[in-house]
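Subject: Structure for your review

Dear colleague,

Please find below the structure that I am handing over to you, together with its sequence.

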Amino acid sequence: MEEKQKRIGIMGGAFDPIHYGHLLIAENAAAQYHLDEVHFMPTGQPPHKKKQKLADAAHRCEMIRLAIKDNPCFTLSRLEINAHEVNYTYLTLERIQAAHPGEELFFILGGDSLKDFRSWKNPERILKAACVLAAVRDDIDGSAFQTQMDGLNQWYGKERIFPLITPNFSVSSRNIRKRAAEQGTIRYMLPEPVRDYIFTHQLYQREPGQEDCRQQETWQ
């Protein structure tokens with residue numbers, strides 16, 4: 001009897017910190033595309049953010065572990081954290097493909113990223129290594145999004161990019177960092193163990209008047 005091909009979702013990002021928006025997207029991806037696993041892969045040194053200071057990798061990994069520990073479908077991957085060079089998505093996916101031969105990969109990204117997708121490093125190799133699931137909120141007009149998706153699929157020559165419909169959940173890592181820095185409430189924005197970890201380790205604290213100038217990612 002032929003063994004069923006495993007379907008693995010790859011969700012990258014800074015996760016600085018991880019929050020319910022990330023978890024909702026991953027859960028919807030698993031449900032809509034029948035994924036066996038979703039790997040949360042925090043970035044080491046993203047090529048487009050060389051000057052951005054992220055929370056220590058150990059803290060970000062531990063917050064992910066705390067957030068996903070009750071979901072057997074979710075797992076933490078340290079592949080990019082442990083890499084010694086700048087991480088490009090196509091290289092990461094090719095490494096995963098080599099480590100999981102015969103398994104189907106699905107790269108999960110924010111729908112807004114599609115407009116810049118062709119400017120990524122070797123996008124054709126991304127689409128060769130994995131299908132792309134582009135998260136789009138369920139409260140927006142999807143016509144422009146569909147046009148972008150159709151254009152990219154036509155450019156590649158076959159359908160490799162698919163919509164991931166997700167509930168509208170207005171929360172961002174940047175807002176959480178800001179609230180934490182100001183000793184504001186972040187309850188119900190992220191799992192309680194992650195919230196406790198942030199305050200226990202005094203993450204995201206800053207001197208008065210210091211701004212968080214880190215760029216906001218599409219879904220983070």
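The notes that follow concern charged pairs and nonpolar cores.

Please bear in mind that this is a predicted model.

Salt bridges

The count comes to eight salt bridges. One of them joins the side chains of Glu104 and Arg7, with 3.1 Å from N to O. Glu104 belongs to strand 4 (residues 104–110) and Arg7 to strand 1 (residues 7–13), so this pair ties together parts that lie 97 residues apart in sequence. Glu104 has a relative accessible area of 24% and is therefore partly exposed, since that class runs between 20% and 50%.

A salt bridge also links Arg65 with Glu62, whose closest N and O atoms are 2.7 Å apart. Both residues sit in helix 2 (residues 57–68), where they are three residues apart and thus separated by about one helical turn. Arg65 is partly exposed, at a relative accessible area of 37%, and Glu62 is likewise partly exposed, at 22%.

Lys178 and Glu182 form a further salt bridge through their side chains, at 3.1 Å from N to O. Lys178 is partly exposed, with a relative accessible area of 39%, and Glu182 is partly exposed as well, at 47%.

Finally under this heading, Arg187, Glu192, Arg195 and Asp196 are connected in a network of salt bridges.

Nonpolar cores

The largest nonpolar core holds 41 residues, and the members that touch the most others in it are Ile18, Val38, Phe40 and Ile198. Helix 2 supplies the largest share of this core, namely six residues. Helix 2 is also the element that holds the Arg65 and Glu62 pair described above.

Which residues does Ile18 touch, leaving aside those up to four places away in sequence? The contacts of Ile18 are Leu23, Phe40, Met63, Ile64, Ala67, Leu190 and Val194.

Another core, of 22 residues, lies apart from the largest one, and its members include Ile10, Leu114, Ala130 and Phe145. In soluble globular proteins, nonpolar side chains tend to be buried together.

With kind regards

Technical notes. Residues numbered from 1 in each chain as written. Predicted model: local features only at pLDDT ≥ 70, side-chain atom pairs only at ≥ 80, totals over all residues. Heavy atoms only, no water. Salt bridge = Lys/Arg side-chain N within 4 Å of Asp/Glu carboxyl O. Helix = DSSP H or I, 4+ residues; strand = E, 2+ residues; numbered from the N terminus. Buried < 20%, exposed > 50% of the residue type's maximum accessible area, 1.4 Å probe, protein only. Core = buried A, V, L, I, M, F, W, Y, C linked by side-chain atoms within 4.5 Å. Contact = heavy atoms within 4.5 Å.
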